[in-house]
Amino acid sequence: MSPFLLLSIVLLYFAVLIGITYLTAKDDSNEVFFKANRNSPWYVVAFGMIGASLSGVTFISVPGWVGSTQFSYMQIVLGYFFGYLVIATVLLPLYYKMNLTSIYEYLLARFGPKSHKIGAFFFLLSRILIASFRLFLVASVLQYFILDAWNVPFEVTVILSVVFIWLYTYRAGIKTIVWTDTLQTFLMITAVLVSIVLILNKFPMTLTEFTATDSFKEQSKIFFSDSFKDSKFWLKSFLGGMFIAIAMTGLDQDNMQKNLTCKNLREAQKNMISLGLILIPVNLIFLFLGALLFSYAHQYQIDIPIVDGKTKTDLLFPEIALHQHLGIELGIIFILGLIAAAYSSADSALTSLTTSFSIDFINLEAKSEKEKKRIRKMVHFSFSMLLILIIISYRNILQDNVISSLLKVSSYTYGPLLGLFAFGIFTNYKIREKWVWLVAITSVSLSYALNHYSIELFDGYQFGYEILIINGLLTFLGLYLIRIRQTQ
């Protein structure tokens, strides 16, 4: 496809998003920016959160992951559902009872200001890294398939990507995002379904015949139970997925901020459980697309793209959609799906970063009304600039498939949050706050060391994403050691 046509599609898409902003951003108060006046329909939030939960990483990276891990990702996804049940029954009632704007205000009420700041810091660190991962992926695709044709530097591509997000979020924040996410989710799911149909039509067989082939059977293995030492062992993946959901959704301001825009607790719980259920078939569809892509590449001898000397399975889907003469329809639907998937998570990340920093570090609520809006907009702009710098740096850092890198980082940065919230909810102890930072850093460092040297230390055992559980447990034990023995 012509790079000019692809760029035109991207610009048209952003014009639609800015149009939605115009309709939703007539009131740009902080109450609207942070909470959407707590008036969002739960089903709109639930549908929009599908796209935010999946993101551009799922759209491209999950299909690209099939070549090395088959369908083992479904073990993690099944764990997600049980994690969402915990969020709906344990965390959401707590957040609504306390009427929180930032969920880390719970740590302030439960332990004190130092724990509050440390919890918010680990969220900021986590969300900045994850949002940057996701934007790096979409910027890489735009660069590789569109802007390289005009010799546009990668740095300019990144700047433009973030500026577009800033343009449609800086006024109404979460209120705009609830509605733009709905459009983006619809486009993303439509794109993957249409892509499956169009690519499958190029095979001399029906859908049923394709699923019966040896190629599909080799790639579609879901449960791995051969060796507990294997990082893909089903129980480790399932538990890892469960706690990833609890940490990356339930203890994450980005995702919880959308839930807290629902009218009441019951609607927020319906949103969360519905999301957990629907993510199972949706992720299975993405993995099926991956099997289809690798089979197509093998049959027609298509090489996986190489960038800077590194094989990038993340780029297999765009390579086939845009460069293999499968029709303009597939190219258009791919680009729409990609940018919808990528920006449905990145835009809310920028808003949640602004919210957390404003509430948890600047204490915005204590400022005068005149100052509140000015400070919020300044913070929003500053985080936009920070994302640009980090994304540009990733080009020289990332080695793995992007979703693999994302989940690894999350296992370390969300561990202290998991431990802090668990200790607060399941014990009555107060803690000596001056030592909380040491507990958090120690748990992350020990988790990294255990993961890095696990083969030597544990007779060939490889940690999967259950390292997040270890990280949270180490934090919990550390907090127990610094507890104040008199209970509340």
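Two rings of Phe, Tyr or Trp (taking the six-membered ring of Trp) count as a pair if their centres lie within 6.5 Å; planes under 30 degrees apart make the pair stacked, over 60 edge-to-face, and the rest tilted. With that in hand, Phe71, Phe203, Phe210, Phe216, Phe288 and Tyr296 form one aromatic cluster here. Keep in mind that this is a predicted model, where local features need pLDDT of at least 70, side-chain atom pairs count only at pLDDT 80 or more, and totals for chains, interfaces and linings use all residues. Residues are numbered from 1 along each chain as its sequence is written, and side-chain values use heavy atoms, with hydrogens and water left out.

**The overall picture**
- The protein has 21 helices and four strands (DSSP runs numbered from the N terminus: H or I of at least four residues for helices, E of at least two for strands).
- Of its 488 residues, 57% are buried (under 20% relative accessible area with a 1.4 Å probe, protein chains only; exposed is over 50%, and partly exposed is in between).
- Take the contacts (heavy atoms within 4.5 Å) with a separation of 6 or more: 85% of them join residues 24 or more positions apart.

**Aromatic pairs**
- The pairing rule gives a count of 23 aromatic pairs.
- Tyr73 and Tyr80 are an edge-to-face pair, because their ring centres are 6.4 Å apart and their planes sit at 85 degrees.
- Both partners are buried: Tyr73 has a relative accessible area of 5%, and Tyr80 comes in at 11%.
- Phe81 and Phe82 also pair edge-to-face, at 5.5 Å centre to centre with 80 degrees between the planes.
- Phe81 is buried at 15% relative accessibility, while Phe82 is partly exposed at 40%.

**Charges over rings**
- Lys221 lies over the face of Phe224, 4.5 Å from the ring centre (the rule wants NZ of Lys or CZ of Arg within 6 Å of the ring centre and within 35 degrees of the ring normal).
- Arg483 does likewise with Tyr429, at 5.5 Å from the ring centre.

**Helix α13**
- Helix α13 covers residues 265-299, and its 35 residues should span 51 Å (1.5 Å times one less than the number of residues); the end C-alpha atoms are 51 Å apart, which agrees.
- At Leu279, α13 bends by about 30 degrees, and Pro281 follows within four residues (the bend is the angle between axes fitted to the seven residues ending there and the seven starting there).
- Just after α13, Gln301 takes a positive phi of about 55 degrees.
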